[in-house]
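Me: I'd like to go through this one with you, a question at a time. Please bring up the sequence and the model.

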Amino acid sequence: MQHFEEDDSPRRDALRRGDWPEALRLFQAGLEAARKAADDDRRHGAPFHRLRVVEEPLTPYVQWELHWLHMRAEAGHHTRVLPAKEVATAETGRLLPEVVILDNRTLYEILYTEAGAFESARRFTEPEVVQPWVAYVKQAYARAEDIRAYFERAVAHLPPPPAA
């Protein structure tokens, strides 16, 4: 999806109001916490790798989110960006779901309402369900572009998005 709703987020509220300078200020204010989280992940041997599929032109939400993901990458988090056209052949009948994979053994499918608000998650541990997703996500991640390079090429020059 290219638009999500988030409750109780001052950063998201700033985007809704169209206060782009405040959204960016709040992202920067979270830099130290993001560095600490990345360091903690590394220390515990559990770095989180994120793959963000994007459609261009970017929606206001995705432009906002890419600023957040870029800040997190600068703090040491791993994020790569993949153009939506790269997954189009896998989207037969519906968009690819958002998935979270833990230790290559547990998969969560994240479910959202039509408006993009978090609804729930479904957990899968069956190898015949999890392993094809592990292989697919690893291949997609390998084809994707580092967020920092993508950001400089496709996002940094954009004007502030409209309120969303």
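Me: His67 lies in helix α4; helices (H or I, at least four residues) and strands (E, at least two) are DSSP runs, numbered from the N terminus. Which is His67, buried or exposed?

Reply: A note on the source: this is a predicted model, where local features need pLDDT of at least 70, side-chain atom pairs count only at pLDDT 80 or more, and totals for chains, interfaces and linings use all residues. Residues are numbered from 1 along each chain as its sequence is written, and side-chain values use heavy atoms, with hydrogens and water left out. Buried means under 20% relative accessible area, exposed over 50% and partly exposed in between, with a 1.4 Å probe and protein chains only. His67 has 15% relative accessibility, so His67 counts as buried.

Me: Which residues does His67 touch?

Reply: Contact here means heavy atoms within 4.5 Å. Residues up to four places away in sequence are not counted, and on that basis His67 touches Trp20, Leu24, Phe27, Phe151 and Val155.

Me: What is the relative accessible area of His70?

Reply: His70 is found in helix α4 too, and touches Ile147, Arg148, Phe151 and Glu152 once residues up to four places away in sequence are set aside. His70 is buried, with a relative accessible area of 14%.

Me: At about what angle do α2 and α4 pack?

Reply: Axes are lines fitted to C-alpha atoms, for helices over the stretch in contact, and angles run from 0 to 180 degrees between N-to-C directions. The axes of α2 and α4 are 9 Å apart, and these helices pack at an angle of about 25°. Angles under 35 degrees count as roughly parallel, over 145 as roughly antiparallel, 65 to 115 as roughly perpendicular and the rest as oblique. That makes α2 roughly parallel to α4, at the angle of about 25°.

Me: How many residues in the contact of α2 with α4 are nonpolar?

Reply: Trp20, Ala23, Leu24, Phe27 and Gln28 of α2 meet Gln63, Trp64, His67, Trp68 and Met71 of α4. Ala, Val, Leu, Ile, Met, Phe, Trp, Tyr, Cys and Pro count as nonpolar, Asp, Glu, Lys and Arg as charged, and the others, Gly among them, as polar. The contact holds no charged residues, three polar ones and, as nonpolar, seven.

Me: What is the handedness of the crossing of α1 and α2?

Reply: The axes of α1 (residues 10-17) and α2 (residues 20-29) come within 8 Å and cross at roughly 165°, which makes α1 roughly antiparallel to α2. A crossing is left-handed if the near helix is turned anticlockwise from the far one by less than a right angle, and right-handed if clockwise. For α1 and α2 the crossing is left-handed.

Me: In what order do the strands of the mixed sheet lie?

Reply: Two strands pair if DSSP finds at least two bridges between them. Strand β2 (residues 78-83) runs antiparallel to β6, joined by two bridges, and the bridge partner of Val81 in β6 is Glu145. The three strands form an open sheet with mixed pairing, in the order β1-β2-β6.

Me: How far apart are the C-alpha atoms of Arg52 and Glu98?

Reply: Arg52 is found in strand β1 and is buried, with a relative accessible area of 8%. Beyond four places in sequence, the contacts of Arg52 include Met1, Tyr61, Glu65 and Val81. Glu98 is 46 residues away along the chain, and the C-alpha separation is 9.5 Å.
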